[in-house]
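Let's take a walk through this structure together, stopping at a few places along the chain. Keep the viewer open as you read.

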Amino acid sequence: MKRDELIFDIIEKEHQRQLKGMELIASENFVSDQVMQAMGSCMTNKYAEGYPGHRYYGGCEIVDQSEQIAIDRLKKIFDAEWVNVQPHSGAQANAAVFLAVLNPGDKFMGLNLDQGGHLSHGSAVNTSGIIYAPCAYNLDRETGRVDYDEMEAIALREKPKMIIGGGSAYSREWDYPRMRDIADKVGAIFLVDMAHPAGLIAAGLLNNPLKYAHIVTSTTHKTLRGPRGGVILIGKDFENPWGKKTKKGQIRTMSQLLDSAVFPGIQGGPLEHVIAAKAVAFGEILQPEFKEYAAQVKKNAAVLAQALMKLGYKIVSDGTDNHSMLVDLRTKFPELDGKTAENALVAADITVNKNMVPYDTRSAFKTSGIRLGTPAITTRGAKEELMVEIAALIDEVLSHVNDEKTIVKVRTHVNEVMKNYPIFAY
């Protein structure tokens with residue numbers, strides 16, 4: 001068969017973009033060669049609706065083994081009693097939880113999307129906001145941290161059936177015990193979406209939400225450094241709070257509800273090539289080197305945030321406990337919006353994303369901030385000294401967003417610097 005040069009030329013261009021640039025998007029990372037090999041393997045040819053040992057297709061005895069290894073490794077990483085490794089993404093994992101524990105129109109509560117919450121935690125254009133009834137808690141205006149007193153007051157008033165912890169642009173540790181206490185007071189399911197800090201949690205650098213939450217979801221990319229996908233975990237299985245029963249009249253456990261919510265509830269056949277790649281990535285996480293990597297991610301983020309603050313930038317919450325930070329541009333450049341900043345930095349081969357900041361006065365298409373993260377740049381072997389240089393380069397570009405000569409100069413420098421950093425150094 002003739003090679004599709006059109007597509008493979010595009011793939012090579014993307015490869016070169018990744019090689020030459022500084023990747024600072026908080027939700028992105030680079031996988032190892034063995035993860036990529038598993039993802040591009042013959043496992044993609046196998047249909048395997050159902051779960052290991054209980055499939056709707058024949059010939060699944062081999063893929064059953066790789067999926068079970070993924071399950072067993074993930075259980076070990078997070079000390080979980082039950083996990084599901086089939087969700088195609090973090091948003092799919094969250095959608096499955098919603099289907100399992102809520103009925104259409106039921107109320108739930110998550111972090112305000114304008115202040116760092118995730119699309120799948122109640123956006124009006126997402127199924128979470130279309131099918132169910134979201135209400136939100138917020139960040140404190142002064143500290144930029146979750147206002148747990150307000151969260152409790154809202155929960156007592158609104159009586160949500162589920163409370164979600166976690167977000168896409170929040171750089172601080174979560175108070176899981178306090179949130180579980182609030183959930184218990186109103187009889188709510190406590191869900192934690194740990195998609196962003198999961199790798200740091202796996203390395204023991206942040207608290208494990210499985211000790212407190214009823215259900216935990218995550219992506220498998222970002223700080224876990226696996227293929228794109230999602231997972232659902234339970235620290236200890238329990239009977240569902242509504243007493244729904246199987247056809248045989250038995251009370252269904254939460255794990256049974258979640259399994260059926262993933263398949264056949266929201267998905268068909270699992271992506272067994274991706275699940276094999278998840279298993280490989282989980283194996284990497286269990287190695288001592290991953291803890292070294294995760295520790296460096298955290299160090300790099302702290303140094304980058306501090307360096308930017310020294311240059312006059314406002315970091316929401318005045319720092320970071322994890323891999324990410326949210327930069328409010330209004331303090332230093334009141335007229336500069338996040339979209340313009342993103343475009344200028346991307347032109348200089350410094351990849352970031354525009355992001356709304358708490359109590360933003362601009363729309364989600366413009367924004368007043370940018371989000372930065374260190375997982376990908378750390379995978380390439382970057383240490384603290386490069387973070388200081390990156391802050392200076394960001395500042396140079398944002399100080400001259402309309403100056404093509406400055407952008408070209410910075411891009412040339414970035415490309416030269418990144419020659420010293422392989423795609424996967426750890």
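In which helix does Ile7 lie? Ile7 belongs to helix H1, residues 5–20; helices here are DSSP runs of H or I with at least four residues, strands are runs of E with at least two, and both are numbered from the N terminus. The model is predicted, so local features need pLDDT of at least 70 and side-chain atom pairs count only at pLDDT 80 or more, while totals for chains, interfaces and linings use all residues. Residues are numbered from 1 along each chain as its sequence is written, and side-chain values use heavy atoms, with hydrogens and water left out.

Ile7 has a relative accessibility of 41% and therefore counts as partly exposed (buried means under 20% relative accessible area, exposed over 50%, partly exposed in between, with a 1.4 Å probe and protein chains only). Together with Leu6, Phe8, Ile10 and Ile11, Ile7 forms a nonpolar surface patch with about 480 Å² of accessible area.

Now for the aromatic residues. The whole structure holds eight aromatic pairs (ring centres within 6.5 Å; planes under 30 degrees apart are stacked, over 60 edge-to-face, the rest tilted). Phe98 and Phe108 make an edge-to-face pair, because their planes stand at 85°, with the centres 4.8 Å apart. Phe98 sits in helix H4 (residues 90–101) and Phe108 in strand E5 (residues 107–111), and both are buried. Tyr176 and Tyr212, by contrast, are stacked, at 6.5 Å between centres and 25° between planes. Tyr176 is in helix H7 and Tyr212 in the loop between helix H8 and strand E9, so this pair ties together parts 36 residues apart in sequence. Tyr176 is buried at 2%, whereas Tyr212 is partly exposed at 29%.

Further along, Phe333 lies in the loop between strand E12 (324–328) and H12. With a relative accessible area of 17%, Phe333 is buried, and this residue touches Tyr313, Asp395, Leu398 and Ser399, leaving aside residues up to four places away in sequence (contact means heavy atoms within 4.5 Å).

Helix H12 itself spans residues 338–347, and its buried residues include Gly338, Ala341 and Leu345. The buried residues of H12 pack against several elements, among them strand E15 (369–373) and helix H14 (384–398). After H12 comes Asp349, with a positive phi near 65°.

Key: Patch = residues over 30% accessible without salt bridge, like charges linked within 9 Å, V, L, I, M, F, W, Y side chains within 5 Å. Areas by Shrake-Rupley, 256 points an atom, 1.4 Å probe, with all protein chains shown as cover. Salt bridge = Lys/Arg side-chain N within 4 Å of Asp/Glu carboxyl O. Phe/Tyr/Trp six-rings, centres within 6.5 Å; stacked < 30°, edge-to-face > 60°.
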